[in-house]
Amino acid sequence: MKLSRLSLLCAGLLLAGIAHAADADHIHASHAWIRVLPGALPAGAYVTLENDSGAPIALRGAGSTIYDDVMLHQSSTAGGVSRMSMVDSLDVPAHSKAALAPAGYHFMLMQPKQPVKPGDTVTLTLQFADGSTLATDFIARPANALDAGDAHADHAMPGMDHGAMSHDH
């Protein structure tokens, strides 16, 4: 009898831990969008994160059911050369915001399992250092979009060709 009570207690604690890990109620996502490039080129994903808690939290990565590989990157330009480096995390300060945006931090979305076209919604599950996650819907935009609200790309700008860039890992 004691063994079954202990098993039930352990199972309950495990489930409570899983429920906590899946709930990032202290982080809010907005302006989530993906710049879709033609063919099999990698896409870039951007989002603004707001941390309502009293402690900083680190974004560690993301997962997707549509893309096989999602990596957190940072773009930079030095001496007229654009570079992209994979990073381990991005800190979201307490009671503040952090943005993943073109020419800065972003997610690289590689190897789509199906074609993604402008107007599609892709869910990425954001993963934080404290074990919490946040499922976030990203709206696919055309290659010449500038931001999440640029549905028609009236101010067209060529998309960054991730395939031609140096990837420092």
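Which side chain does the side chain of S53 make a polar contact with? It is the side chain of N51, at 2.7 Å. A polar contact here is a pair of N or O atoms within 3.5 Å; within protein, one must be able to donate a hydrogen and the other to accept it, and residues adjacent in sequence count only if both atoms are side-chain atoms.

Some ground rules. This is a predicted model: local features need pLDDT of at least 70, side-chain atom pairs count only at pLDDT 80 or more, and totals for chains, interfaces and linings use all residues. Residues are numbered from 1 along each chain as its sequence is written, and side-chain values use heavy atoms, with hydrogens and water left out.

Now the overall layout. The protein chain has 1 helix and 11 strands. Helices (H or I, at least four residues) and strands (E, at least two) are DSSP runs, numbered from the N terminus. The order from the N terminus is α-β-β-β-β-β-β-β-β-β-β-β. Of the 169 residues, 35% are buried. Buried means under 20% relative accessible area, exposed over 50%, and partly exposed in between, with a 1.4 Å probe and protein chains only. The accessible surface comes to about 9400 Å², and 57% of that belongs to carbon and sulfur atoms. Those areas come from the Shrake-Rupley method with a 1.4 Å probe; for residues, only the protein chains shown count as cover.

Contacts next. Contact means heavy atoms within 4.5 Å. Take the contacts between residues at least 6 apart in sequence: 66% of them join residues at least 24 apart.

Back to S53. S53 sits in the loop between β2 and β3. Its side chain also reaches the backbone oxygen of A55, at 2.9 Å. Beyond four places in sequence, S53 contacts H26, A94 and H95.

P56 is in the loop between β2 (43-51) and β3 (57-64). P56 counts as exposed because its relative accessible area is 61%. Not counting residues up to four places away, P56 touches N51, V92, P93 and A94.

On to the core. The largest nonpolar core has 30 residues. A nonpolar core is a set of buried Ala, Val, Leu, Ile, Met, Phe, Trp, Tyr and Cys residues joined through side-chain atoms within 4.5 Å. L49, L59, F107, L109, L124, L126 and F128 touch the most other members. Look at L126. Leaving aside neighbours within four places, its contacts include L49, L59, F107, L134 and F138.

How many salt bridges does the structure hold? There are 2. The term means a side-chain nitrogen of Lys or Arg within 4 Å of a carboxyl oxygen of Asp or Glu. One joins K113 and D68, at 3.6 Å, N to O. That pair links distant parts of the chain: K113 is in the loop between β8 (105-112) and β9 (121-128), D68 is in strand β4 (residues 67-78), and they are 45 residues apart. K113 is exposed, at 53% relative accessibility.

The other joins D120 and K117, at 3.5 Å, N to O. D120 is partly exposed, at 22%. K117 is exposed, at 52%.

Last stop, β4 again. β4 runs antiparallel to strand β5 (residues 81-86), with 6 bridges joining them. Strands pair if DSSP finds at least two bridges between them. A78 has V81, in β5, as its bridge partner. The hairpin has 2 residues between the strands, and G79 takes a positive phi near 60° there.
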